[in-house]
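Reader: I'd like a close look at one part of this fold, please. Walk me through what pairs with what there, and then what packs next to what.

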Amino acid sequence: MRKKVTIVGAGNVGATAAHWIAAKELADIALVDVVEGVPQGKALDLLESMPVERRDVQITGANDYSQTANSDMVVITAGLPRKEGMSRDDLLKVNAKIVSEATEQAVKLSPNCILIVVTNPLDAMCEVARRKSGFPRERVLGMAGVLDSARFSTFIAAELGVSVDNVHAFVLGGHGDQMVPLPRFSTVAGIPITELLDAAAIDRLVKRTASGGGEIVKLLKTGSAFYAPSRSIAEMVDAILKDKHKILPCAAYLQGEFGIRDLFVGVPCKLGSKGLERIIEVKLTPDEQAALAKSAEAVKELVGALA
Ligand code: TXD
């Protein structure tokens, strides 16, 4: 039987993730959104592109969860953007309610699914989904690290004038400005970038990566990045559905790894059909460890404000 992926939130990120997943023929897709007609319309439009693409994938859209039953994976992108006059905490609470409801509804019909949380603030929303689902940590992951490392890779490749295919960037920590890039583990054709770029250049690329989301928001004016985020979701879906045992940076619930406990933080994760198979721990320098601890502290604060 074909695999099935539910995507909650048929906005920019959710609908474009559906596009990548369908184009790669990874799974049938059920799109869910609260806006009447939008998940139905986008699902039908995408379905009608499949004969041209020559892919056999079923794509449905609905305002309820009836078509999501028995999904192998559920991706949660539902949420509201921050509006004027809204504090970070207000947004946290609004999106926590949305993610909590989405989790509850989705896991009722797909009790064995693997959850991928995308909604911001990412690491805190992962905790909401973990609590609500009651799933073990193997089946609750957050997408952010694949995106952050893709942005870092883009800038490294451009700086050195080499193929993106040669670049492997390594990031830890929370999403966006909480990111902890590790240049000594970021390589070009196996060579650490610390051998190829001076400290000032690396610092410049790191800063651009950490504010990569903001750079896109500034250009778009309305809305935020969605091509790279949605492609990053498809990467995690591919690794899991194809049982690839692929190591990708993801938000995972740490249980003492990297000296952090009971918190979602971005770390290298081996992904396979069971979801999280293993967290890959590396020895950090005191500076890197301190940056990661600071990143974890920010997540802890947000999780504390959830109650
Ligand atoms: O790296 C990352 N994790 C991120 C996260 C990268 C990019 C975007 N990131 C976050 O994903 C972003 O901050 C948002 O919290 C989500 C979704 O971003 P997107 O750009 O797709 O936002 P949209 O276009 O506003 O889409 C959100 C959709 C919209 O269609 C709403 O109607 C829908 O969510 N929505 C709901 N769907 C289902 N159920 C409920 N309750 C609901 N509420 C809103």
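Author: Start with His 168, which stands opposite Thr 187 in strand 10 (strands are DSSP E runs of at least two residues, helices H or I runs of at least four, numbered from the N terminus). This is a predicted model, with local features needing pLDDT of at least 70 and side-chain atom pairs 80 or more, while totals for chains, interfaces and linings use all residues. Numbering runs from 1 along each chain as its sequence is written, and side-chain values use heavy atoms, without hydrogens or water.

Strand 7 pairs with strand 10 (residues 187-188) in the antiparallel sense, over two bridges (pairing takes at least two DSSP bridges). They belong to an open, antiparallel sheet of three strands, ordered 7-10-11. Strand 7 (167-168) and strand 11 (191-192) are at the edges with a single partner strand each, so one side of each has no neighbour in the sheet.

Now for helix 5 (residues 122-133), whose axis comes within 9 Å of that of helix 10 (residues 286-304), crossing at roughly 50 degrees (axes are lines fitted to C-alpha atoms over the stretch in contact, with angles from 0 to 180 degrees between N-to-C directions). Asp 123, Ala 124, Glu 127 and Arg 131 of helix 5 meet Val 299, Leu 302 and Val 303 of helix 10 (contact means heavy atoms within 4.5 Å).

Helix 5 also packs with helix 4 (residues 88-109), at an angle of about 35 degrees and with the axes 9 Å apart. Among the residues making this contact are Leu 92 and Val 99 of helix 4, and Met 125 and Val 128 of helix 5.
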